Amino acid sequence: MTALRPNFGTKSPQASTFTIKDNNIPKTHLRFLLSFHNLNSPKSRKTICCLSNCDQKTGFFNEMENNSNWVSIESDVGDGYVKELEVAVKAVHVACLLYQKVQEDLIFNGDDDHDNVQAKDDNSPVTIADWSVQATVSWILSQAFGPENVSIVAEEDIESLSKSDATSTLSSVVKTVNDSLSSAARFGIKPPVTHLETAQVLEAISRCNSTGGPTGRFWVLDPVDGTLGFVRGDQYAIALALVENGEVVLGVLGCPNYPMNKEWLNYQNGYRRILSRLTKPDSTSWDGNGCVLYAKKGSKKAWMQPLFSGDKGAASPRQIKVSTIDNPLLATFCEPVEKANSSHLFTQGLAHSVGLRNQPLRVYSMVKYAAIARGDAEIFMKFARAGYKEKIWDHAAGVVIIEEAGGIVTDAGGRPLDFSKGMFLQGLDRGIIACAGASLHEKIMSAVDASWNSSSL
């Protein structure tokens, strides 16, 4: 499989060239690239951007419609979880397309309908996408493995959606689910013969009532990790992991707003907001910028694919690895945007104590895990405020992807995260530390020990 892959050249103060080598690139790709180029290229600084020719010998959707094994697992075929990984990756792709449409309605089209954005008990916004993705993913998994074999730990349940005052929201969820599943055939997933009824959608969501535990098999789903980022048109993620007998055996992260190319990382969010005010893009205007990452436990490999939303396109997953930087002076660390459940002061002080010079990468959601797995950053630290409990759906998929990409994730005492204790990560020693490698991890842990007693936590 091949992809339409941006191949960024070097920047030059004298350059004023925007080169495209393929005359068959869809207009939606051209419109975005030219818009980005014009916004980010004053006369004294133009960006040279080349798009390599797209090989049309094999098509992504054709391969998937033939139900071929399009997930890259190479020599791991005989090691189990092949079908589980393939179905999970497809389900996350479908979910990402759903989010793009919902976010377009919320952000680009100025949809301020309060039925679409509500307040949860913890005062954070929740959208119809939460329930729609849970229903969609649950239905896809159930079709692949049988509903009796699917158990899902997820954040939302049907209680609030089943209330009499939620009729309009439920109707929107049912419509969104059916719209989403109608596109599933692109990924080799057979859609429902007829549209799902309200009762069927509620049944699918009701399968997301597992509480986890040390035995058996269950899926862990975070339908919108980083809801505030999603509502604001910023970074968010869809996270799906499979846990068997307390161990995460595979993880998939969909990051619809996280650019495939690191060169765009510092520009993506700001320019996306600018473009949203200047233009009214259609649902395919951001093709190729999002990505899906995945890994299987023990494979020693993690993969990334471009996110697909058009009717055409072919893309090969490529292997990703963590950064080789092990010097804190050169490292970039990630931390949560919101301060509600984490201490920025401690991580800032810790960063200063170890000599971190780079600006922190503050992004919503498990995109932080994706950044480390891809080599865009080296450190993720989260130290929760007193009383906050870390949920397994906020970490399961990201942890296995980083580990298989060559990184390490533990609590601050150096112990692996324990996903066998139910819906929460029990017994954490202070906080969570994810690093690009063992050497850097040891240095950060030593700094945490040295700084902890002087902190205000």
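In what order do the strands of the open sheet of five strands lie? The order is β13-β12-β14-β16-β15, with mixed pairing. Strands here are DSSP E runs of at least two residues, and helices are H or I runs of at least four, numbered from the N terminus; two strands pair if DSSP finds at least two bridges between them.

Colleagues, a word on the source. This is a predicted model, in which local features need pLDDT of at least 70 and side-chain atom pairs count only at pLDDT 80 or more, while totals for chains, interfaces and linings use all residues. Residues are numbered from 1 along each chain as its sequence is written, and side-chain values use heavy atoms, leaving out hydrogens and water.

I379 has C435 in β16 as its bridge partner.

A second open sheet has seven strands, ordered β5-β6-β7-β8-β9-β10-β11, again with mixed pairing. At its edges are β5 (152-154) and β11 (318-320), each pairing on one side only.

I turn now to the nonpolar cores, sets of buried Ala, Val, Leu, Ile, Met, Phe, Trp, Tyr and Cys residues joined through side-chain atoms within 4.5 Å; buried means under 20% relative accessible area, with a 1.4 Å probe and protein chains only. The largest core holds 57 residues, and W219 is among those touching the most other members. Helix α3 (residues 82-108) supplies the largest share of this core, 13 residues. Apart from it lies another core, of 47 residues, including L361 and L425.

Methods
Buried means under 20% relative accessible area, exposed over 50%, partly exposed in between (1.4 Å probe, protein chains only).
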